[in-house]
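Me: Please take a close look at the aromatic rings. Where do they sit, and what surrounds them?

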Amino acid sequence: MATKKTSVNYSARDFDSIQLELLQYAKRYYPETYKDFGAASFGSMTLDMVSYVGDMLSYYLDYQANEMFLDTAIEQNNVIRNAMSLGYKYEGQESSVGLVDFYILAPANSTGLGPDNNYLPIVKSGAVVSSKSGASFTVVDDIRFDYSQNEVVVAKTDSSTGLPTHYAVKATGQVVSGQNEIVNISIGAYEKYRRTKVSSANISEILSVTDSQGNEYYEVDYLSQDVVYKDVANRSSDSDKVSSILRPFSAARRFVVEKFQDGTYLQFGFGSESESTSPSVVEPSAMSLKLHGRDYTTATSFDPSKLLSTDKFGISPANTTLTITYRQNNSSRPNVPSLSINSIKNNSLRFKDSTSLNRGKMSDVESSLEASNSEPIVGSVTIPDNDEIRRRAKDVFATQNRAVTLSDLEAITYMMPSKYGSVKRCKVIRSKDRKRSVEFYVLSEDANGQLIVPTSTIKQNLKMWLADKKMMNDTIDIKDAKIMNFGVEFSISVDPNKNKYEVLAAAMASLQSALKEPLYIGEPLYITDIYGILNKVSGVVDAKSVKVTTKMGIGYSSTYVEINKLLSADGLSVETPQNVALEMRYPTSDIKGSAS
C-alpha cells in the first residue's frame with residue numbers, strides 16, 4: 001500500500017493563513033470525503049475553530065518568546081527581570097532630597113550676651129516634617145542648635161535693662177522624602193532561597209531587618225557579596241570632622257531587594273540556621289590543614305573567600321518574625337517648592353541634660369520649634385519607562401560596577417557618604433614613577449565651607465571605600481592637595497548716566513557670586529571669564545583691567561606661588577598645577593575694584 005505524503009506549511013501562524021492551509025489540505029487529500037465548503041457548513045465551522053486555536057497558540061508562543069528578551073519584552077516586570085540579569089537594579093520611584101531650616105527661641109545666658117547653650121537642643125534623625133500638600137519628609141542626620149555656624153539673632157529684650165532675654169537660633173539639616181514604617185512578618189519552617197514580599201506600596205529604601213532573636217540582616221547588591229561596611233564611632237581628635245570610621249564586616253545574614261510594579265521583595269540565600277552556630281569567619285590555619293594528607297599538590301594560593309564558613313549565599317531566616325523598617329513616600333509628588341514645609345509631625349527634640357534644666361524653659365523651647373524650607377526640595381519623581389530601563393541596563397552591564405578610568409575613580413570618590421568624611425575636591429592622575437599607581441589628590445572643607453587638608457581618618461576611609469571598586473592591579477596613593485588663595489583687582493568704565501558707586505557694588509557682587517566656590521584641583525582660572533562677568537553688569541561700559549593676586553597671611557593658606565609664573569603666554573589664564581586648587585577664601589574682602 002502506498003504511503004500518502006503530505007506537505008505542511010509551518011509558516012502559517014495567523015487565523016487566515018491557517019484556515020487557508022487547512023482548506024487546501026482538505027481539498028487536496030479528501031476531495032471525495034469533504035465537498036461542502038460553504039461558509040455556513042459544519043466543516044467550515046470546524047476549520048474556523050481549529051484556525052482560532054492555532055492563532056491563539058501562535059500568539060502566546062510569540063508573546064512568551066518576546067518576553068524572554070530585554071529588547072522585545074513589553075510587560076515592565078519582565079523588562080525589569082531581564083535588566084536584572086545584566087546587573088541593573090530597579091529602584092522604582094526615587095526620593096527627593098533638600099534642606100530644611102529649623103528655628104527655636106532659646107533663653108539668654110546669665111550675662112545676656114548669647115543664648116544659654118544648655119537650652120540648645122538636638123533634633124534627632126528620624127524626625128518628620130510635612131508640607132502644605134501633606135507630603136512627609138524625614139530628617140537624615142541630627143540637627144544641632146549648638147553649632148557655632150548657626151545663625152543667632154536677638155529675639156526679645158528686657159524693657160528695663162535693654163539686655164537680650166531670648167535669642168532666635170537657626171539650624172539647617174538635610175531631609176529626604178517619605179517617612180519610616182515598620183512591619184512584622186512571620187516566617188515559617190526553613191526554606192531555600194526564601195522570597196518575602198514586604199509591601200505592595202512603592203518603598204524607597206529598606207532601612208533595617210532584624211529577627212525575633214535579635215539577629216540583623218544586611219542588604220547587599222548580590223547574595224554572593226558577603227562583606228559589608230559598618231560604621232564605627234570615631235574617637236580620634238578629628239571626630240568633629242569625621243563622625244564614623246569605615247570597617248569591613250563579614251555578613252552571614254544578608255538579602256537583596258527586588259522591586260517590581262506589584263511590590264518590594266526580600267530575597268535570601270539558602271544557608272540554614274544550623275550554620276550560624278559556628279563563627280562566620282573560620283580560622284585561617286584550619287584552612288591550611290586541608291592542603292596536607294594527600295599524595296599530590298595543587299595551587300597553594302590563598303583564597304580570601306575561604307575564610308567564610310558558608311558558601312550558600314547567606315542564611316535564610318526560619319521559624320522567626322522579621323521586623324522590617326522601611327521608608328516610603330506618602331505622596332506621589334514628593335517634590336515641593338520653597339516655603340512649603342509648615343509643620344512638624346515628630347520633632348524628637350533632645351536636650352543635653354534635661355534632668356538639671358528648668359522644665360518651663362524647656363517647654364518654651366520645644367513649643368517654639370518651627371521648620372521651613374528656603375529652597376525647593378526636588379528629586380527624580382518619574383519612574384523610568386521600559387525604554388529607559390533597557391538603556392540603563394546596557395550601561396550597567398558595560399561598567400560592571402568597576403572604576404576603570406580616572407573619571408570613574410573621581411566619581412566614586414564623591415559618592416562616599418559624608419559621615420565618613422567630606423571630600424570637597426578630588427583629582428586622580430596616573431603616577432609617572434610607577435606604572436599602575438594612581439595618585440589621589442583630595443581636599444576637604446571646614447564648617448564654613450572653606451578648603452582644608454583632609455585628616456588621616458578621612459583618607460583611610462576613602463581608601464577602604466575604593467578597595468572593592470578599583471581595578472585589582474591599581475595601587476592607590478592618597479595625597480593632600482595644596483590650596484592657593486587668590487584675590488582679584490579690577491578697574492571698570494561706567495556709563496556716565498549711571499551712579500558709578502552702585503555699578504561698582506553690582507560688579508563686585510557679581511564676582512563674589514561667581515568666585516565663591518573653589519575651583520577644582522588642577523582647574524585653570526580664566527581671566528577672560530572675569531572680564532566677561534564684569535562686562536555683563538548693567539552700567540559697565542568696559543572692563544579696563546583685571547589682575548589676579550596671591551593672598552597670604554593669617555586666615556589664608558600657607559602655599560605661595562607667584563601668580564606671574566603661572567600665567568599663560570597670552571596672560572589670559574592662570575595655569576594651575578595638577579596638585580593645586582585655587583580658592584578665594586574671603587570673597588567680600590579679596591575682591592577690590594575701582595570705577596571711572
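Reply: **Aromatic rings and their surroundings**

Y586 is partly exposed, since its relative accessible area is 29% (buried means under 20%, exposed over 50% and partly exposed in between, with a 1.4 Å probe and protein chains only). The model is predicted, so local features need pLDDT of at least 70 and side-chain atom pairs count only at pLDDT 80 or more, while totals for chains, interfaces and linings use all residues. Residues are numbered from 1 along each chain as its sequence is written, and side-chain values use heavy atoms, with hydrogens and water left out.

In total, 10 aromatic pairs are present in the structure (rings of Phe, Tyr and Trp, the last by its six-membered ring, pair if their centres lie within 6.5 Å; planes under 30 degrees apart count as stacked, over 60 as edge-to-face and the rest as tilted). One of them joins Y193 to F270, a tilted pair with 5.0 Å from centre to centre and 40° between the planes. This pair links distant parts of the chain, 77 residues apart: Y193 lies in the loop between β8 (179-187) and β9 (195-199), and F270 in the loop between β15 (263-267) and α4 (284-288) (helices, H or I with at least four residues, and strands, E with at least two, are DSSP runs numbered from the N terminus). Y193 is partly exposed, its relative accessible area being 39%.

Y586 itself is paired with Y556: the ring centres are 5.3 Å apart and the planes stand at 85°, so this pair is edge-to-face. Because Y556 belongs to the loop between β26 (540-550) and α11 (563-566) and Y586 to the loop between β28 (580-583) and α12 (587-590), the pair ties together parts that are 30 residues apart in sequence. Elsewhere, Y25, Y29 and Y30 make up one aromatic cluster.

Some rings also have a charge placed over them (NZ of Lys or CZ of Arg within 6 Å of the ring centre and within 35 degrees of the ring normal). R195 lies over the face of Y265, at 4.0 Å from the ring centre. Likewise, the ring of Y520 has the charged end of R425 over it, 4.1 Å from its centre.

Y265 returns in the surroundings of T196. T196 belongs to strand β9, and because its relative accessibility is 8%, T196 counts as buried. Apart from its neighbours within four places in sequence, T196 is in contact with I185, I187, T264, Y265, L266 and F268 (contact means heavy atoms within 4.5 Å).
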